[in-house]
Amino acid sequence: MVAELKNYIHEQYYFRLRLGVAGLVVLSLFALLAFRFYYLQILHYNHYQTLAENNRISLVPTIPNRGLILDKNGVVLAHNFFVYTLEITPAKVKNLDNTITELGQLIEVSSLDKKRFKKFREQSHSFESAPIRTHLNEIEAAKFAVNHYRFPGVEIKSRLFRHYPLGKLGSHMVGYIGRINDKDIENLKQEGVYSNYKGSDHIGKSGLEQFYEQQLHGTTGFQQVEIDADGHAVRVLSSNAPVPGDNLILSADSKLQEIAETAFGERRGAMVAINPKTGEVLTYVSQPTFNPNLFVDGIDTENWKLLNESLDKPLINRPLRGIYPPGSTFKPFVALAGLEAGKRNPPFAIQDPGFFMLPGSRHRYRDWKPSGHGMVDMQKAITVSCDTFFYGLAMELGIERLTSFVRHFGFGRKSDIDIKGEIEGLLPTPEWKMRRYKQPWYPGETVIIGIGQGYTLATPLQLAQATAILANNGVAMKPHLVTKIQNGLTGKQVFIPNIVQDRITLNPDNVEIVKRGMVDVTLPGGTAASVGANAGYSIAAKTGTAQVIGIKQNEKYNEHTINERHRDHALFIAFAPAEDPTIALAVIVENGGHGGSAAGPIARKVMDYYLLGKTPAIEPAAVAEPLPASATGTTTTSEEEFHD
Amino acid sequence: MACLFFALLLSLFVLYSASGQDFSRIYAQGVNVAVALGAMWLAANISPLNLERAARPLYILGLLLLIGVALFGTISHGARRWLNLGFMQIQPSELMRIAVPMMLAWYFASREGKPSASNFVVGSVLLAIPVALIMKQPDLGTSLLIASSGFYVLFLAGLSWRFLLIASASLLALMPVFWSLLHEYQRKRIEILFDPTQDPLGAGYHTIQAIIAIGSGGGAGKGWLNGTQTQLDFLPERTTDFIFAVFSEEFGFLGNMLLLTLFSLIIARGLVIASQAQNTFSRLLAGSITLNFFSYAFVNMGMVSGILPVVGVPLPLISYGGTSLVTLYLGFGILMSIHTHKKLVAT
């Protein structure tokens with residue numbers, strides 16, 4: 001019994017020893033845990049706190065309302081409205097084709113929509129959502145909302161859409177916005193404004209929308225949103241409201257724009273009208289135009305093809321990027337150069353035989369009037385557009401002096417208008433020719449520059465600007481479309497200052513001679529007498545014709561037999577009222593024929609409305625009058641022919 | 001007892017938060033607790049003598065059921081753990097959590113005197129059979145914990161220190177051999193088990209989010225119902241295996257210390273009961289049950305806080321779930337019975 005008890009006590013002793021060991025192990029392991037908790041919760045609290053906050057808080061950008069574009073009278077040219085779009089995030093969808101097919105059973109998805117979606121997919125990352133349908137109506141939106149659970153990765157979004165209520169009107173001026181692409185992102189990053197574009201998916205692509213992108217876009221706001229593990233917003237923690245973009249107020253008048261565009265009818269061409277005193281652009285026409293609304297939510301391939309491959313090239317911004325030989329509209333500037341250089345003083349006159357020959361050469365530079373104009377002084381030379389007079393003048397001035405003088409009028413350089421993409425045109429010099437063609441300059445090339453032919457190329461904007469500078473007696477105002485920028489929040493307007501680009505020192509008497517010659521153009525006996533008839537105000541103008549294809553020496557130009565697209569371009573520059581001009585303009589009608597008859601009437605309608613508020617009566621489309629110059633021409637050996 | 005009830009109350013509060021303030025969850029857990037308490041009361045009223053008698057039949061029944069599972073068990077989540085008896089589904093491995101220590105305690109109690117080496121061999125075999133069966137289901141967590149509960153009996157029964165040393169040394173030595181035998185993907189899986197950052201969106205996600213939850217709880221916690229990781233769904237399995245992360249996030253380091261203290265007190269009480277028990281069977285059983293409770297608590301908290309690989313083990317008293325709760329309270333019931341019967345046997 002004692003042994004048993006002793007054994008029992010012994011056994012219990014060992015058992016308790018073991019229990020004690022176990023207890024120690026328990027304690028030490030719990031201490032390990034406690035240390036682990038101390039490590040995580042006390043020592044590295046900040047680290048894990050940050051991680052938890054990053055998990056929880058997401059910054060959601062709030063896109064600002066884009067600024068409006070208004071004409072001078074407050075007519076809306078570009079605004080925004082909310083539409084429902086149905087968007088797919090490709091990365092979240094298992095079978096894209098099935099999803100689209102099933103969506104199509106629920107709401108209408110046209111093949112056009114599918115094509116556009118496909119294009120988007122190619123251009124964007126798979127984790128970005130792309131619209132499969134836009135402009136959903138309430139019923140469609142509701143239909144989808146009910147079936148939302150069937151379509152993971154597909155969502156309805158409410159997007160702010162840009163809309164151009166006047167459609168095609170002035171689309172080259174206003175421009176359009178489009179989806180931000182990789183190149184845009186790169187540019188934005190370079191400009192250091194990319195962070196302001198978080199959440200934005202559109203950006204100005206052309207016209208004013210592009211030039212004033214910074215002002216129009218506004219400042220993106222941010223919301224600190226608490227999100228759950230699936231990324232759904234639970235509540236808004238704090239927010240920083242977006243600042244809407246500024247509104248642009250233009251100097252152009254949509255009514256005037258409409259008159260101008262209507263006057264063009266089906267014809268191609270361009271027109272720019274400028275207030276010479278301020279540089280404000282009054283109308284900016286590029287014909288044909290296009291509907292900018294097509295571009296906003298991504299243009300579909302069919303429409304794109306239609307626009308891009310059209311022979312009429314509606315997408316070209318002609319006033320900025322269309323280059324034409326200025327033809328006879330160049331003459332007033334050559335005339336002024338001659339007067340200023342003292343080469344032609346008022347009593348000076350020539351007897352025009354109907355052609356010009358360089359000394360020592362038998363090559364005849366023909367006048368458009370084969371019989372010649374008789375006695376021609378400076379003023380008459382402009383009025384009747386005497387080629388012979390200007391051949392000689394250009395010759396005497398020499399290429400260097402001529403080009404350096406007219407460059408002051410904006411030829412051969414950018415006007416710095418507030419639209420991007422302007423090209424410089426071309427004012428040739430011997431150095432240029434050497435660089436370009438590795439050939440010396442020939443005197444004959446100077447001769448034809450006297451009448452705006454040869455290498456000389458100008459954009460319609462340059463012609464209008466040159467006319468405005470002349471009208472303003474040599475004071476060059478920087479052309480601009482936007483006159484006021486209105487704060488999107490406060491409505492406060494800031495005027496864009498009128499900037500003097502250049503003051504050309506000119507003898508007022510010389511300017512007067514040229515202007516008088518131009519006024520006579522629209523009077524009986526001038527090349528555009530019909531344009532000035534019954535105007536009620538005096539118009540100073542110059543007509544011009546630019547040759548599209550070279551006429552061979554023994555060939556005659558016949559407007560009626562020649563292919564329509566090979567016909568001459570009709571040019572017309574003018575300013576009015578001649579004594580105190582408030583409008584200066586340039587019109588080009590491509591393949592329009594003669595400047596006075598094809599381009600002049602368009603200018604007249606614009607001036608009538610601008611100066612008198614007169615709306616043109618509805619009339620049958622202008623039929624080109626027979627050319628005064630299409631008279632019989634004698635063909636002699638070695639001749640070149642230019643028309644006007 | 002007081003500690004037990006405090007833990008119980010705590011569990012309901014944490015669960016309320018973890019389930020997203022879902023009262024039906026609380027209600028369901030309430031029912032579970034009621035059943036478990038009933039089981040505890042029943043167990044507390046069975047004398048250790050009867051328990052000792054029941055040990056063999058219970059163990060054999062458990063084994064049969066496990067074999068049944070292996071042959072006819074229903075498969076869910078890729079594992080064969082449940083046996084459909086027609087009227088109800090049971091998980092025999094849960095029964096074994098009690099039956100295995102009982103059986104081993106009976107075995108060593110029936111061998112008078114200092115157990116011989118052969119006794120330990122037999123004991124090991126008795127332990128290895130159910131462990132192997134459960135491991136095959138596969139249920140690694142449970143099988144390891146049952147193995148440890150059996151090991152506690154062996155240890156308390158007096159397994160020689162020398163053997164323990166040799167066994168653990170050889171286990172360590174064999175580790176590289178095992179490693180070389182594994183497939184590449186198996187190694188990868190084990191690596192992720194120990195280093196969750198290797199696969200942050202896959203297998204490692206649970207642990208990473210849990211560690212963030214714990215760490216961001218800080219000293220005093222974010223407050224009840226204010227845990228962002230919990231309330232915003234970042235934390236997976238937060239009512240069951242990962243409920244400790246919820247608790248940690250909302251009550252912080254202080255809460256964790258409280259919980260550890262609570263567990264320590266329960267374990268201490270269990271060990272005292274074991275040391276006071278009057279016969280070998282009660283003593284071994286009480287020790288094993290208590291230490292097994294510790295195993296669960298340690299493994300769970302260890303895996304949630306990222307110092308142990310993730311194995312599916314609930315946090316005792318706190319996690320949501322019926323069966324494990326019942327088993328746990330049965331264990332406590334047995335402890336109570338042993339405590340109340342210590343004097344009766346002594347005479």
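**A loop residue and its surroundings**

Mentor: Look in chain A between helices α17 (399-407) and α18 (430-437): the loop that links them holds D416(A). Bear in mind that this is a predicted model. Now check the backbone. D416(A) is not a glycine, yet its phi is positive, about 65 degrees. That deserves a second look, because most residues other than glycine have a negative phi.

K313(A) has 16 other C-beta atoms within 10 Å, so it is partly exposed.

Next, the peptide bonds. Most peptide bonds are trans. Where are the cis ones to look at? One runs from Q287(A) to P288(A), with omega near -5 degrees. P288(A) sits in the loop from β12 (281-287) to α11 (293-296) of chain A. Another cis bond joins A576(A) and P577(A), and its omega is about -20 degrees. You will find P577(A) in the loop between β22 (569-576) and β23 (583-589) of chain A.

Turn to a hairpin. It is built from strands β18(A) and β19(A), with six residues between them. Within this hairpin, G491(A) has a positive phi near 80 degrees. The two strands, β18(A) and β19 (493-495) of chain A, are antiparallel and share three bridges. One pair to find is K484(A) with its bridge partner F495(A) in β19(A). β18 (482-486) also pairs with β10 (247-250) of chain A, again antiparallel, through four bridges. There, L248(A) has I485(A) as its bridge partner in β18(A). While you trace these strands, keep one rule in mind: in a regular strand the side chains alternate between the two faces of the sheet.

Now go inside. The largest nonpolar core has 114 residues, and V272(A), L585(A) and V606(A) touch the most other members. Take V272(A) and list its contacts, skipping neighbours within four places in sequence. They are V281(A), Y284(A), P319(A), P460(A), L461(A), A464(A), L585(A) and A586(A). Apart from this core there is another, of 99 residues, whose members include F37(A), Y48(A), Y152(B) and I212(B).

With 21 other C-beta atoms within 10 Å, F144(A) counts as buried, because the cut-off is 20 or more. Beyond four places in sequence, F144(A) is in contact with L86(A), L106(A), I107(A) and I156(A). F144(A) and E155(A) are 11 residues apart in sequence, and their C-alpha atoms are 8.7 Å apart in space.

Step back to the whole of chain A. It has 23 helices and 24 strands. Of its 644 residues, 43% are buried. Take the contacts between residues at least 6 apart in sequence: 75% of them join residues at least 24 apart.

One stretch carries a label from a record. An unreviewed UniProt entry places a "transmembrane region" at residues 21-39 of chain A. In the model, that span is 100% helix and 0% strand, and its end C-alpha atoms lie 27 Å apart.

Finally, chain B. How many of its residues are in contact with chain A? The count is 35 residues of chain B, against 32 residues of chain A. On the chain B side, the elements giving two or more residues are α6 (140-156), α9 (205-217), α10 (228-231), α11 (243-276) and α12 (280-304) of chain B. α11(B) gives the most, 10 residues. By class, this side of chain B has 18 nonpolar, 15 polar and two charged residues.

Notes:
Residues are numbered from 1 along each chain as its sequence is written. Chains are lettered from A and ligands numbered from 1 in the order in which they are written. This is a predicted model: local features need pLDDT of at least 70, side-chain atom pairs count only at pLDDT 80 or more; totals for chains, interfaces and linings use all residues. Two residues are in contact if their C-beta atoms, placed from the backbone, lie within 7 Å. Ala, Val, Leu, Ile, Met, Phe, Trp, Tyr, Cys and Pro count as nonpolar, Asp, Glu, Lys and Arg as charged, and the others, Gly among them, as polar. UniProt positions are given in the numbering used here, feature names are shortened, and annotations may be inferred rather than shown by experiment. A nonpolar core is a set of buried Ala, Val, Leu, Ile, Met, Phe, Trp, Tyr and Cys residues joined through C-beta atoms within 7 Å. A residue is buried if 20 or more other C-beta atoms lie within 10 Å of its own, exposed if 12 or fewer, and partly exposed in between; C-beta atoms are placed from the backbone. Two strands pair if DSSP finds at least two bridges between them.
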